[in-house]
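Please look at the sequence and the structure first.

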Amino acid sequence: MFAKINRKDLFKSPPTVFTDKLISQEARRSKALEEQKRRRAQKFESSRQLDAFADLNLGNSDDDGDLEDEPEIIREGVSGFVQMVSQPVEIQSLSSDVHNHETVQSGKRRGKPRRKRIKAKPSKWADKCMYAELLEMNEEAHLWDSQSGDVIDGLPRDLEAAWVAVAPVPTGKRCLAVTHQSAGIVGTSPNTTLRSRVLGKMLLPRFPSSLPPLTVLDCILDVNWRDNGIIHVLDVLKWKGQDVGDCETPFRFWWRDTRLAELTKPPLPSGNFSFTAPSTTADASSQNAGSLSNIPTSERERYRFPYPTSFVPIPYHTDTTLTSLSSFVIPMARSAREISVDIPVHVSPPEFTSHDMTIDGAHDSMVSRSTTPVVARVDSDGLLLYVSHASYEEGTSPLSCWIPNKAITGHPELPGISEGHDSPLDVFQRLVQRHTMKNLHVVLGLQESMDI
């Protein structure tokens, strides 16, 4: 019998392991990039509307002046149209007989009508995220001997010149943030929805945000968003209805950071403040219902965000040289990130006089606007690599590579996964260091040859 496959262990596996082992990731990446260039050129040519002018001409030339301009008269009798006139009558009579026969038969067979199953239409936001493949790496010893002229270890050949690194990638749930047209004020009227990556289903009810309408962002919902209200912005597809996904990677990331920095600070949720205890399961809450008194007051009165309020861009790095990767990017991919956020605090209602009671809502507004800055710690999940010249592509794409900083156990046959406890980020760091040492040896060899 077939062994049971754990989908949780396979969701980060490269697709080449299950589809085609003969096609390398480098070849599929080159093919995908060429296909993007072809589609981009085709879209550019179609926007010029050259096909509309293909059949146009400037009229008859001078050589056609001797031709007669008189209209051609077709001399033909009406005898050929007699059969065409009489034929539909016979067809109509035959069709009526067949229809009557079918109605009689259907009347005899008429029974309980069957109920048709209506399949749910897939969401238009399903599988719209650009999902990265796991970078296929190999650090076998025979690839690094002195006789091998070209090292094929899985690292892109143009890693130092044509890639963009994104680190640290936070842990959380991948989703799309989609804004809609709303009649109210931006920031107070619900205009934003979160869509899941695979099925495109709504993760949260529509909530207000400071994002402009007709905007689509590729995001990662923080694993602790209930406590810090953070949603991380990875990429941008549309901004105010303008398609940004067709642009190259560095421009998209620059556009993302610039536009998010221009947004006004969103107001905290009004009227939905809920200072509740930490989330626990139903069984635990039923068994430990009387133990809440032992929890400190700060924990029992901790604020829980009803929806994310802070859209934070993930840092990106255009300098992907081997030295920058070893000394700056990879250490960032291993470390946690600290983000300052404003969180409402629970303030005990003060004693107020009858003069204060005459001012309606003065006490509520004072309490609801009491906030304190808190540093939220966001754990890293790894490193992402994007091809610089590539545009945003829906679905799983080799134009983006994923290097997690946690070991993937249970599948040592997968490329880039060793049998020990090393993570793919550890393997990537060792390969980068080997490339650095090899380049250093090449430079030293050239200097010695020049001295001789």
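The model is predicted: local features need pLDDT of at least 70, side-chain atom pairs count only at pLDDT 80 or more, and totals for chains, interfaces and linings use all residues. Residues are numbered from 1 along each chain as its sequence is written, and side-chain values use heavy atoms, with hydrogens and water left out.

The whole structure holds 18 salt bridges, a salt bridge being a side-chain nitrogen of Lys or Arg within 4 Å of a carboxyl oxygen of Asp or Glu. Three of them are listed here.

| Pair | Closest N to O |
|---|---|
| Arg39 and Glu393 | 3.6 Å |
| Arg304 and Asp227 | 2.4 Å |

Helices (H or I, at least four residues) and strands (E, at least two) are DSSP runs, numbered from the N terminus. Arg39 lies in helix H2 and Glu393 in the loop between strands S13 and S14, so their bridge ties together parts 354 residues apart in sequence. Glu35, Arg38, Arg39 and Glu393 are linked in a salt-bridge network.

Lys43 also lies in helix H2, while Asp246 sits in the loop between strand S8 and helix H5. The two are 203 residues apart in sequence.

Buried means under 20% relative accessible area, exposed over 50%, and partly exposed in between (1.4 Å probe, protein chains only). Glu393 is buried at 15%, whereas Arg39 is partly exposed at 39%. Lys43 is partly exposed at 49%, and Asp246 is partly exposed at 37%.
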